[in-house]
Amino acid sequence: MAQITSSRSNTKVFYVLGLFNILMLLQNANCYEFKVGGSGDWSVPMDANANNYNQWAERSRFQIGDTLSFSYSADKDSVLLVNKADFDNCNTASPIEKYSDGQSVVKFNHSGAYFFISGVHDNCVKNEKLHLVVMADRSHNNQTASSPPPSPSVDEVPPSPAPSGEEAPSPPSDSGETNQTPAPSQESSPPKNGASSTVMSFVGSAAALVGSSILLGF
């Protein structure tokens, strides 16, 4: 009897750990890992006068939970997370965080501006630096606003009826002078939309329900 009880207890632990791993995977499934600059290489740009990293960041959409990876020679360079003043002045003396393992991954835990510079002052002066903005809420970024179609002009007055016995004047023909303004199209949705978040939430709830049923059965 004791062996049966022990076996059931071990089975419960196994299922609890399995359910926990599933939920953790679902939580991270909607996050994305960016490579700095697109390639992941953290180094002085070939054109020291160009803000290559900032230009790349402007074309990307960073959200809470995403990560950013840096690849560099650990014995020659590093990555510093700094404030705006230190970013502008390439001050490497008092970083918020320092990464120096050669393969650094930074997770965005909050929204707002992030400032990264090279740990080598001369490299920072040559534009080995990055400024990016993390969006506030992933689920709200897919909401797009559309304008209602233009209402008919109030200046258009229908012609008055012709007196009896007279032929009504023919309506003016379309000469192409009237320009119909099409309704504005919706803005394009961001690469990662709320639909995937909804799916992940549903799957996570289902997994929790199945796990609870399994545990209650033992």
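Helices (H or I, at least four residues) and strands (E, at least two) are DSSP runs, numbered from the N terminus. The model is predicted, so local features need pLDDT of at least 70 and side-chain atom pairs count only at pLDDT 80 or more, while totals for chains, interfaces and linings use all residues. Residues are numbered from 1 along each chain as its sequence is written, and side-chain values use heavy atoms, with hydrogens and water left out.

**Exercise 1. The disulfide**

Task: Find which residues the disulfide joins, and state its handedness.

Solution:
- Step 1. A disulfide is a pair of cysteine sulfur atoms within 2.5 Å. The search of the whole structure returns 1 disulfide.
- Step 2. The partners are Cys90 and Cys124, with an S to S distance of 2.2 Å.
- Step 3. The torsion about the S-S bond of Cys90 and Cys124 is about -80°, so the disulfide is left-handed.
- Step 4. Cys90 lies in the loop between helix 3 (84-89) and strand 5 (97-99) and Cys124 in helix 4 (residues 121-125), so the pair ties together parts that are 34 residues apart in sequence.
- Step 5. Buried means under 20% relative accessible area, exposed over 50%, and partly exposed in between (1.4 Å probe, protein chains only). Cys90 has 5% relative accessibility, so Cys90 counts as buried; Cys124 is buried too. Cys31, at 29%, counts as partly exposed.

**Exercise 2. Positive phi**

Task: Locate Cys90 and Asn127, and give the phi of Cys90 and of Asn127.

Solution:
- Step 1. Cys90 is in the loop between helix 3 and strand 5. Its phi is near 55°, a positive value in a residue other than glycine.
- Step 2. Asn127 is in the loop between helix 4 and strand 8. Its phi is also positive, about 75°, although Asn127 is not a glycine.
- Step 3. Asn127 has a relative accessible area of 14%, so Asn127 is buried.

**Exercise 3. Sheet and strand pairing**

Task: Give the strand order of the open sheet of 5 strands, then the sense in which strand 3 and strand 6 pair.

Solution:
- Step 1. Two strands pair if DSSP finds at least two bridges between them. The open sheet has the order 2-8-7-4-5, with mixed pairing.
- Step 2. Strand 2 (62-63) and strand 5 stand at the edges with a single partner strand each, so one side of each is left without a neighbour in the sheet.
- Step 3. Strand 2 and strand 8 are parallel, over 2 bridges, and Phe62 stands opposite Val134 in strand 8.
- Step 4. Strand 7 and strand 8 run antiparallel, with 6 bridges; Phe116 has Leu130 as its bridge partner in strand 8.
- Step 5. Strand 4 and strand 5 run antiparallel, with 3 bridges, and Leu80 stands opposite Lys98 in strand 5.
- Step 6. Strand 3 and strand 6 pair in the antiparallel sense over 5 bridges, where Leu68 stands opposite Val106.
- Step 7. On strand 6 (residues 103-107), Ser104 and Val106 form the covered face, and Gln103, Val105 and Lys107 the uncovered one.

**Exercise 4. Nonpolar cores**

Task: State how many residues the largest nonpolar core has, and which elements each supply at least two of its residues.

Solution:
- Step 1. A nonpolar core is a set of buried Ala, Val, Leu, Ile, Met, Phe, Trp, Tyr and Cys residues joined through side-chain atoms within 4.5 Å. The largest has 20 residues, and those with the most contacts inside it are Trp42, Leu68, Phe70, Phe116, Leu130 and Leu132.
- Step 2. Helix 2 (52-58), strand 3 (67-71), strand 4 (79-82), strand 7 (112-118) and strand 8 (129-135) each supply at least two residues of this core.
- Step 3. A second, separate core has 7 residues, including Leu80, Phe87, Phe115 and Ile117.
- Step 4. With contact meaning heavy atoms within 4.5 Å, and not counting residues up to four places away in sequence, Leu68 touches residues including Phe34, Trp56, Phe116, Leu130 and Leu132.

**Exercise 5. Aromatic pairs**

Task: Classify the pair Phe34 and Trp56 and the pair Trp42 and Phe70.

Solution:
- Step 1. Rings of Phe, Tyr and Trp (its six-membered ring) pair if their centres lie within 6.5 Å; planes under 30 degrees apart count as stacked, over 60 as edge-to-face and the rest as tilted. The structure holds 11 aromatic pairs.
- Step 2. For Phe34 and Trp56 the centres are 6.4 Å apart and the planes at 75°, so the pair is edge-to-face. Phe34 is in strand 1 (residues 33-35) and Trp56 in helix 2, 22 residues apart.
- Step 3. For Trp42 and Phe70 the centres are 5.1 Å apart and the planes at 85°, so this pair is edge-to-face.
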